[in-house]
Amino acid sequence: MSDESTVDEPVEDVPAEEPTADEQGEVVTPEETVAEEPEDERDPLEVALERAEFAEKEIAYKEAEIQNVRKRMMAEKAEAIQYGGMGMARRMLTILGDVDRAMSGIEDDDQSPVAQGLRLLRNKMWHELEADGVATVEAKGEAFDPSKMEAIATIPASDDHPSGVVVDVLEQGYTYKSKVIVVARVVVASE
C-alpha cells in the first residue's frame, strides 16, 4: 500500500445554508422559504388588503388602550385633587387632640385667659378642619363597624348595652370626605 491511501485528506466543509430573516423579522430556514413560495403567488392586492386590515385592527386596539390610560389618569388626578388635603388634616387632628388633652384639665366655667384662649383655638381649628371635609365618626350607641372603629376593650352585653353596640369611645375617630383617616377606639358590648 502506498502512503497516499492511508493519509486522511482534509475534507472541505460545505457551508450550511444560513437561516435568513423574513419580512416580519422572524428567522426562516431554507426549508421554510421553499414551503412559503406558493404563498407568494397570491394576488398582491389580496395580501395588501390583509395587511391593511391587520394594521387597522392594531391601530384600533392601540387607540382604545390610549383612551383607557387617559381615563385612568384622569380618575387618579381627580382623586389626588379631592384627597390632597388628607395628610394635612391628619396632622392637624393630632394637634387638635393635644389641645383637647390640654383642655381636659380646665373646668367648663373657667374664664381665665388661658382657658378662653384654648377654647377659641380648639373651635377655630375644628371649624377649619370641618370646612375642609373632616367629620367625626359617630360611634357611641351605634353598631360596631370595623371599617371605622377599633375595639380596644369589650364588656359583657346587658339590657342597656346589647351585643355588638359601642358602649364608650376612648379616642374619637375622624373621616376626611369619604375616607377614614383616624379610626375610633371604642369599647364594645359582646357576649
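**Entry 1: ground rules**

I note that the model is predicted, that local features need pLDDT of at least 70, that side-chain atom pairs count only at pLDDT 80 or more, and that totals for chains, interfaces and linings use all residues. Residues are numbered from 1 along each chain as its sequence is written, and side-chain values use heavy atoms, with hydrogens and water left out.

**Entry 2: the whole chain**

I looked up the elements and found five helices and eight strands. Helices here are DSSP runs of H or I with at least four residues, strands are runs of E with at least two, and both are numbered from the N terminus. From the N terminus on, I read the order as α-β-β-α-α-α-α-β-β-β-β-β-β.

I then looked up burial: 17% of the 191 residues count as buried. Buried means under 20% relative accessible area, exposed means over 50%, and partly exposed lies in between (1.4 Å probe, protein chains only).

For contacts (heavy atoms within 4.5 Å), I took those with a separation of 6 or more; residues 24 or more positions apart account for 58% of them.

**Entry 3: helices α4 and α5**

Two packed helices are described by the angle between their axes and the distance between the axes. I looked up helix α4 (residues 86-103) and helix α5 (residues 113-131): their axes come within 10 Å and cross at roughly 155°. That makes α4 roughly antiparallel to α5. Axes are lines fitted to C-alpha atoms, for helices over the stretch in contact, and angles run from 0 to 180 degrees between N-to-C directions. An angle over 145 degrees counts as roughly antiparallel, under 35 as roughly parallel, 65 to 115 as roughly perpendicular, and the rest as oblique.

The crossing of α4 past α5 is left-handed, a word used if the near helix is turned anticlockwise from the far one by less than a right angle; clockwise would be right-handed.

On the α4 side, the residues in the contact include Ala89, Met92, Leu93 and Leu96. On the α5 side, they include Leu118, Arg119, Met125 and Trp126. By class, I found 13 nonpolar residues, no polar ones and three charged ones in this contact. Nonpolar covers Ala, Val, Leu, Ile, Met, Phe, Trp, Tyr, Cys and Pro; charged covers Asp, Glu, Lys and Arg; the others, Gly among them, are polar.

In the loop between α4 and α5 I looked up aspartate 108. Aspartate 108 is exposed, with a relative accessible area of 74%. From aspartate 108 to arginine 119 I count eleven residues in sequence, and 9.8 Å in space from C-alpha to C-alpha.

**Entry 4: the sheet β3-β6-β7**

I looked up an open sheet of three strands in the order β3-β6-β7, where the pairing is antiparallel. Two strands pair if DSSP finds at least two bridges between them. Strands β3 (134-136) and β7 (179-182) are the edges, each pairing on one side only. The twist averages 35° from one strand to the next.

Which helices lie on this sheet? Helix α4 lies across β3, β6 and β7 and runs at about 40° to β7. Helix α5 packs on the sheet as well, touching β3 and β6, and its direction makes about 110° with that of β3.

Strand β6 (residues 174-176) pairs with β7 in the antiparallel sense over three bridges. Tyrosine 174 has valine 182 of β7 as its bridge partner, and tyrosine 176 has lysine 179.

Leaving out residues up to four places away in sequence, threonine 175 touches Gly133, Val134, Ala135, Val137, Val180 and Ile181.

The hairpin has two residues between the strands, and lysine 177 takes a positive phi near 55° there. I note that this is a positive value in a residue other than glycine. Lysine 177 counts as partly exposed, at 37% relative accessibility.

**Entry 5: the sheet β4-β8-β5**

I looked up another open sheet of three strands, in the order β4-β8-β5, with mixed pairing. Strands β4 (149-156) and β5 (166-171) stand at the edges with a single partner strand each, so one side of each is left without a neighbour in the sheet. Here the twist averages 25° from one strand to the next.

Strand β8 (residues 184-190) pairs with β4 in the parallel sense over seven bridges. Isoleucine 155 stands opposite alanine 189 in β8.
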